[in-house]
Amino acid sequence: MAILKNSKDKSEFVTEIYLDGDEEPAVVTSSPREIDAVDDALYEFEKLDIDKSFISRIETWAIPQHYTADELA
């Protein structure tokens, strides 16, 4: 299978912020750029008015996006 010319551009970055003692993320954001996903997550976290010392971890990963029928043709 050939690599599509824009395959490197077809990702969405997801960032999750977890708090001490919680298994579920307090904040989840996504963006086409990794830095924007992290910035958005931190911005949303600030809205919660929780001290940043309670953050246990921040995770970011890329999720490949689906292609349109025209891109696959």
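The following conversation goes through a predicted model and asks what lies behind some of the words used for it.

Biologist: Why is glutamate 23 called exposed?

Modeller: Glutamate 23 has a relative accessibility of 67%, and since exposed means over 50%, glutamate 23 counts as exposed. Glutamate 23 is found in the loop between β1 (11-19) and β2 (27-31), and together with Asp20, Asp22 and Glu24 it forms a negative surface patch.

Biologist: Why does phenylalanine 54 count as partly exposed?

Modeller: The relative accessibility of phenylalanine 54 is 45%, and the term covers what lies between the limits of 20% and 50%, so phenylalanine 54 counts as partly exposed.

Biologist: What makes β1 largely enclosed by the rest of the structure?

Modeller: Buried means under 20% relative accessible area, and 7 of the 9 residues of β1 are buried, so β1 is largely enclosed.

Biologist: How do you know that β1 pairs with β2 and with β3?

Modeller: Strands pair if there are at least two bridges between them; 5 bridges join β1 to β2 and 9 bridges join β1 to β3, so both pairs meet that definition. β1 runs antiparallel to β2 and also antiparallel to β3. Isoleucine 17 stands opposite valine 27 in β2, while threonine 15 has threonine 60 in β3 as its bridge partner.

Biologist: Which residues make up the covered face of β2, and which the uncovered one?

Modeller: Val27, Thr29 and Ser31 form the covered face of β2, whereas Val28 and Ser30 form the uncovered one. In a regular strand, side chains alternate between the two faces of the sheet.

Key
Residues numbered from 1 in each chain as written. Predicted model: local features only at pLDDT ≥ 70, side-chain atom pairs only at ≥ 80, totals over all residues. Heavy atoms only, no water. Patch = residues over 30% accessible without salt bridge, like charges linked within 9 Å, V, L, I, M, F, W, Y side chains within 5 Å. Areas by Shrake-Rupley, 256 points an atom, 1.4 Å probe, with all protein chains shown as cover. Salt bridge = Lys/Arg side-chain N within 4 Å of Asp/Glu carboxyl O. Lys, Arg positive; Asp, Glu negative; His and termini not counted. Charge placed at Lys NZ, Arg CZ, Asp CG, Glu CD. Helix = DSSP H or I, 4+ residues; strand = E, 2+ residues; numbered from the N terminus. Buried < 20%, exposed > 50% of the residue type's maximum accessible area, 1.4 Å probe, protein only.
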